[in-house]
Amino acid sequence: MRKKTIRDVDVNNKRVLVRVDFNVPLKDGEVADDMRIRAALPTIQYLLDHNAKVILMSHLGRPKPENRDQFRMDPVARRLAELLGRPVKKLDAVVGPEVEAAVAAMQPGDVILLENTRFEPGEKKNDPELARQLAALADVYVNDAFGSAHRAHASTAGVKQVRPDLPAVAGFLMERELEFLGKVRENPERPYVVILGGAKISDKIGVLERLAQIADAVLIGGGMANTFFKALGYETGTSLVEEDAVETARDLLQRYDGKLHLPVDAVVADRFAPDAEAEVVDVQAVPADKMILDIGPKTIEHFGDILRSAKTVFWNGPMGVFEFERFAKGTFAIAELLAQLDGATTVVGGGDSAAAVRKAGLSDKMTHVSTGGGASLEFMEGKELPGVAVLDDAENA
Ligand code: ADP
Ligand code: MG
């Protein structure tokens, strides 16, 4: 079901409460990476262009009562003001009299940023009282925080739950995420190739199950491939293997025979370290004292052959320990292959996968790189995310 967006509601002179994802990395009291702030700009700018009073809220990190000063939103407000080229009034509370007074004094075109929503104990508990106080600030509720939409918190789901009559719509970032992830989840153009990797199979079982059903091919790399090798009876040496998941891997290999493609060679090393000596071996010849840290060149070629004809690709999970340069080749090669696909829809989900694509400098060459780590995985498993479920359905959708 398509959701209403900010285009579908009247925001002129309205108090628009927007849940954004400003959970940015900080360094020395400043924003170290403003990607997430930039990602929210189209929504904020649209609201300002349409004469709204914009009230922004987000969580930031995992504050505790004793260290909360490190998690105040002030650096975020400073960066946002620079990017918008207009003042952002940062408040020191999430709700309460100070906030109510500041909101009551707003003019169209004003921007307020509330304090870190996680300073309120009711945020993570989705406390209806906190949600009611937030809802009282708003004429329209917007959720643009896809990365937090898998959590039913007061700011992501509660506001609409306590005020069902409040218009609740998606921002542009949320809309984009739902459009592209929705396409690779439900309606891919074929051939549809899924690439799954990352550390552990147990994190990805739900995604693997669902995508194996609809994809034409599933390419498996990263640490999770090791558990499949174990299921096939290969020597896996000192590689990361999930003993508990060997049975599941065997079962998946049987049920999706012909669809699952495993690496044929691997880069191995004697220890988990950036300067460990790397060696390429066939996956059936892994020495007992070595660990698999990347896919090998023959695998890259084999995966490349399958990818070349793809019309849709979804990729989650690095092919190796890309944090170490020596073991990053497989991951970067896959990123390069996707970047070179002409006329195909390429979607990347997962926090580390998105980081790898950025490190390769290829984010702009993908159709869509999801801003949601956990949220994108839960979405791909087929779950309805609480922060999406509360939004108003578009008519005739
Ligand atoms: P995402 O965040 O994209 O969903 P994951 O969190 O599942 O991805 O996995 C990313 C991690 O997997 C990276 O830190 C990477 O180093 C690790 N990884 C990939 N291949 C291996 C491997 N062969 N052995 C150990 N760790 C691996
Ligand atoms: Mg991760």
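**A close look at the annotated site**

A: Let's start with Asp352: its relative accessible area is 46%, so it counts as partly exposed (buried means under 20% relative accessible area, exposed over 50%, and partly exposed is in between, using a 1.4 Å probe and protein chains only). Keep in mind that this is a predicted model, where local features need pLDDT of at least 70, side-chain atom pairs count only at pLDDT 80 or more, and totals for chains, interfaces and linings use all residues. As for bookkeeping, residues are numbered from 1 along each chain as its sequence is written, chains are lettered from A and ligands numbered from 1 in the order in which they are written, and side-chain values use heavy atoms, with hydrogens and water left out.

Now for the annotation. In an unreviewed UniProt entry, the feature "binding site" covers Lys204, Glu323, Gly350, Gly351, Asp352 and Ser353. A word of caution: UniProt positions are given in the numbering used here, feature names are shortened, and annotations may be inferred rather than shown by experiment.

Asp352 sits in helix H13, which spans residues 351–359 (helices, H or I, have at least four residues and strands, E, at least two; they are DSSP runs numbered from the N terminus). If you skip residues up to four places away in sequence, Asp352 touches Pro318, Phe322 and Glu323, where contact means heavy atoms within 4.5 Å. Glu323 is also among the residues that the UniProt entry lists.

Next comes Ser353, which is found in helix H13 too. With a relative accessibility of 2%, Ser353 is buried. Its contacts beyond four places in sequence are Asn316, Gly317, Pro318 and Val348.

The size of an interface is often given as the accessible area lost when the parts come together. Between domain 1 and domain 2, about 650 Å² is buried, and carbon and sulfur atoms give 64% of that. Buried area here is the accessible area (1.4 Å probe) that two parts lose on being put together, summed over both. On the domain 1 side, Met35, Phe146 and His150 lose the most area to domain 2, together 70% of what that side buries.

The count of salt bridges between the two domains is one (a salt bridge is a side-chain nitrogen of Lys or Arg within 4 Å of a carboxyl oxygen of Asp or Glu). Arg358 pairs with Asp33 in a salt bridge, with the closest N and O atoms 3.1 Å apart. Side chains of opposite charge can pair when their charged atoms come close.

Zooming out, the structure holds 32 salt bridges. In one of them, the side chains of Arg72 and Glu115 meet at 2.8 Å, N to O. Arg72 lies in the loop between strand E4 (53–57) and helix H2 (74–84), while Glu115 lies in the loop between strand E6 (111–113) and helix H4 (122–125), so this pair ties together parts that are 43 residues apart in sequence. Arg72 is partly exposed at 24%, whereas Glu115 is buried at 0%.

Arg250 is partly exposed at 32%, and Glu247 is exposed at 52%. Salt bridges can also link up: shared partners join Asp69, Arg72, Asp74, Lys90, Asp92 and Glu115 into one network.
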